[in-house]
Amino acid sequence: MIPLKLRLENFLSYRGPVELDFADISVACLWGENGSGKSAILDAITWALWGKTSRTSSSRELVHLGSDEMAVELEFISGQDLYKVRRTFNRNRTPQEQLHLYQVREGRPWPIMEATKADTQKKIDKLLRMDYDTFINSAFLAQGRAGEFTSKPPSERKEVLGRILGFDFWDRLEEKAKEKRKEAENKERELLGELKQIEEEIKEEKRLKDELKQARAEYEQLNVRYSKLQEELRSIEDELHALKEKERTLNEKRDKLGRLAKDIGEIEGKIKENRRKLEGYQETIKMEKEVLENLEKLRKVRGELESLKEEIEGLKPFEAKANELERKIAEERSRLEGELKVLKGQEKLLAKDIANLEGYRKELAEVEEGLALLDAQEMEAEEMESRVEKLTEELSNLRREKDLANEEARRLMEQLKMLSQAEANCPLCGHPLSSHRKDELIGEFQNRLESIMASIREKDQKEMELKREREEMQRRIQALQENLSRRNELVKRKAGLEEKAERLEEEAQELEKLRARIREIEEILQSGSYALELKAERGALEEALSKLREFEERWNQLSKEEKALSVWEREAQKLEDAREFCQVLEKTLMEFEKELERKRREKEDLELEVKRLEEEVAYKVEVERRLEEKEREREEASKKRDEAWGRVASIESQLKKIVELKSSKEEKEAELRQVREEKGLYQELAEAVGKNGVQAMIIDTALPELEREANALLARMTEGRMQVRFDTQKSTQGGKVQETLEIKISDEKGTRDYKLYSGGESFRVDLAIRIALARLLARRAGAPLSVLFVDEGFGTQDAEGLDKVVEAINSIRDEFKFVLVITHLEELKEMFPVRIEVTKRPSGSSVEVIRVW
């Protein structure tokens with residue numbers, strides 16, 4: 001992977017869009033003061049590619065303070081192809097982080113993302129042929145992690161080196177072999193267990209046959225016991241049934257006893273109620289004197305009412321005659337008012353119709369004018385139809401002329417095609433043509449063809465004009481015909497309007513007559529000069545009617561007195577009823593008292609019978625207990641009998657299964673032999689491809705080369721004072737040899753532990769090993785590296801040490817396409833031909849590329 005261009009926005013200390021172009025840079029120094037944002041450049045590269053950084057595992061913490069979103073875009077070369085990766089993060093979006101991958105072809109990015117972000121990340125790892133951990137432990141000496149490889153325990157160093165050397169394949173193969181071996185082991189255990197179970201079951205055959213004989217005998221014995229319990233149970237059930245019948249009888253007697261108690265209570269209530277009524281009737285009989293006095297007053301009032309009735313009936317004919325006269329007078333007035341109302345209604349209708357007379361005359365004139373216009377349009381339509389027929393005939397002739405011209409043109413084009421051939425004959429006579437004659441004929445035919453084509457175009461133009469004219473006339477004819485369809489309607493309207501106008505003129509004469517009669521009736525009603533004889537006859541009856549009103553007023557007064565006294569008639573009836581009811585109630589009370597005595601005796605007898613039945617039914621609980629106990633015995637016997645039969649069936653099934661197991665034992669044993677053979681093969685394969693097998697061999701092969709490269713670099717940086725050695729095996733306390741990867745460092749003072757060296761010395765060792773590892777990877781196809789990042793760690797070096805570091809870096813520049821050294825030292829930045837300076841400002845960090853020479 002070679003970086004070409006980096007774009008950052010709101011990433012760590014970089015706020016606005018910042019772009020950094022790495023093109024044409026092979027070795028450079030990334031310089032800036034501490035905290036200016038140098039390491040953020042490298043964090044941006046790893047976050048864009050893997051979504052991870054050396055400082056935090058949370059993308060949220062990488063967003064520039066005060067912002068909600070960030071984006072990093074990196075263009076890089078992998079192999080021979082150009083790619084672009086863009087990773088964004090937004091606090092307010094779901095999902096918050098998004099990843100886009102493009103391949104740039106002909107200057108245009110083509111999306112090559114997978115369906116999910118995880119799958120796209122796997123694709124990036126595949127393109128780079130390494131993941132984040134492999135990158136930072138080989139090509140990336142991150143700030144504070146320069147000794148990541150050397151400071152890891154020996155066992156982890158081998159794992160890191162294994163990932164760099166592409167041991168994932170061998171790990172997967174080892175894991176697969178182990179899985180297959182485990183499957184074989186599981187299958188072996190399964191088969192051994194099955195065979196052991198089969199052998200155990202086969203051993204049980206003799207015992208099972210003895211148990212079968214014993215189980216059958218036990219079943220027969222339990223079956224006899226079950227039948228006996230069934231008979232005993234039926235006897236107890238019959239006894240219990242008889243007791244239940246007595247219990248049912250007892251319940252009936254109790255119900256009857258309850259009804260008797262209820263009847264006794266009702267009879268006692270009736271006796272009490274009848275005594276209360278008897279006392280009430282006796283009180284009524286005491287009011288006999290007062291009732292008789294008021295009845296005498298009522299008789300006198302009724303006698304006077306009878307006399308007034310005769311007087312009133314004698315005067316009633318005069319009232320009837322007066323009412324009849326008033327009715328006739330009212331009828332006469334009503335007749336006149338009704339006639340007046342009808343006449344006014346007729347007047348209103350006639351006036352309304354006559355008001356429309358002028359409108360009808362105007363509408364009649366418009367209809368006559370419309371009919372005259374339709375006559376003119378009908379003549380115009382007939383003329384246009386004649387013109388359409390002529391146009392149709394012209395079009396038909398024109399099409400025939402066009403067909404002839406097209407045929408002539410086609411024939412000329414065929415002749416021209418024949419003449420265009422190398423050796424053409426005359427199309428008229430068939431003789432060979434000279435070149436000059438052929439050219440003449442071609443020119444002649446072409447002129448004729450152009451003339452014919454011009455004629456065809458003229459005919460096409462004329463045909464279009466004729467069609468347009470015909471279509472326009474047809475549309476006009478259709479519009480005229482639509483208008484002419486209204487003729488019948490207008491003729492009918494004209495006849496109707498003429499009839500209405502004539503009728504309205506006649507109604508105008510009738511209107512004058514109606515208005516004269518209306519005025520006459522209104523004068524009669526206003527003056528009251530109608531039914532004069534009837535009114536005179538009504539006046540002669542007024543004296544008799546006055547006397548009638550006086551008699552009727554006295555009648556009403558006496559009627560009120562009669563109504564008030566008539567209540568004593570009801571009291572007299574109550575008196576009579578009370579005498580009769582007293583006799584009836586006295587007799588009824590005697591009968592109720594006799595019935596009450598009988599019911600009480602019947603209740604006493606029934607209570608004795610209920611007591612006897614209760615004593616007999618009390619034994620039912622004991623019988624039910626015996627029945628329940630006997631049922632439990634039967635159920636237990638049934639269960640034991642079923643269990644015995646189940647044992648018989650189970651033993652028979654087991655014996656049958658043993659017969660089947662004997663036949664399958666040989667198959668299982670053959671399968672077991674095959675599984676054990678497979679297990680051994682997979683065990684050997686897992687050991688061969690494991691860390692102590694092929695992987696250890698590869699590491700043992702690579703380590704001498706790595707050691708030589710590291711010592712060559714270390715010699716230049718320390719003037720030959722320091723050397724490094726890798727030991728892959730060590731002896732344990734038990735005397736065994738154990739695989740390891742230990743780093744031994746020696747100088748003029750001897751071999752010492754890595755941790756005992758100074759910061760400057762340990763850094764040179766780290767740098768030498770890391771660069772040696774990078775050079776090793778660059779020569780292997782498993783994980784090629786073309787870049788090297790060195791972040792900080794130079795503060796422990798003196799001036800001479802810095803020269804040696806730069807010298808070591810320059811010594812490998814030809815083997816890497818891109819080397820970037822990150823530092824804050826002023827004296828170190830001057831040693832590089834290209835430097836990228838980072839400056840921290842209030843608005844955010846900025847970068848500037850400076851080429852010194």
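Strand 14 (residues 834-841) and strand 15 (residues 844-851) run antiparallel and are paired over eight bridges. Strands here are DSSP runs of E with at least two residues, helices are runs of H or I with at least four, and both are numbered from the N terminus; two strands pair if DSSP finds at least two bridges between them. A hairpin of two residues links strand 14 to strand 15, and Thr-839 sits opposite Ser-846 in strand 15.

Before going on, please note that this is a predicted model, in which local features need pLDDT of at least 70 and side-chain atom pairs count only at pLDDT 80 or more, while totals for chains, interfaces and linings use all residues. Residues are numbered from 1 along each chain as its sequence is written, and side-chain values use heavy atoms, with hydrogens and water left out.

Angles between axes run from 0 to 180 degrees between N-to-C directions, and the axes are lines fitted to C-alpha atoms, for helices over the stretch in contact. Inside the sheet, strand 4 (residues 69-78) and strand 5 (residues 81-90) run antiparallel and are joined by 10 bridges; Glu-73 has Arg-86 in strand 5 as its bridge partner. Contact means heavy atoms within 4.5 Å.

The other open sheet has three strands in the order 9-10-11, again with antiparallel pairing. Its edge strands are strand 9 (723-731) and strand 11 (750-752), each pairing on one side only. Strand 10 (residues 737-747) pairs with strand 11 over three bridges, and Ser-746 stands opposite Thr-751 in strand 11. Helix 16 (residues 694-718) lies across strand 9 and strand 10, at about 155 degrees to strand 9.

**Helices side by side**

| Helix pair | Angle | Axes |
|---|---|---|
| Helix 6 (residues 168-203) and helix 16 | roughly 160 degrees | within 10 Å |
| Helix 7 (residues 205-285) and helix 15 (residues 620-689) | about 160 degrees | 7 Å apart |

How does helix 6 pass helix 16, in a left-handed or a right-handed crossing? The crossing is left-handed, a term for the near helix being turned anticlockwise from the far one by less than a right angle. Helix 6 meets helix 16 through Trp-170, Asp-171 and Glu-174, which face Val-694, Gln-695 and Ile-698 of helix 16 in the contact. Helix 7 also passes helix 15 in a left-handed crossing.

**The nonpolar cores**

A nonpolar core is a set of buried Ala, Val, Leu, Ile, Met, Phe, Trp, Tyr and Cys residues joined through side-chain atoms within 4.5 Å, where buried means under 20% relative accessible area (1.4 Å probe, protein chains only). The largest has 50 residues, and those with the most contacts inside it include Leu-6, Phe-135 and Phe-789. Helix 1 (residues 38-50) gives the most to this core, with nine residues. Leaving aside residues up to four places away in sequence, Phe-135 touches Met-1, Thr-46, Trp-50, Met-130, Phe-140, Val-787 and Phe-789.
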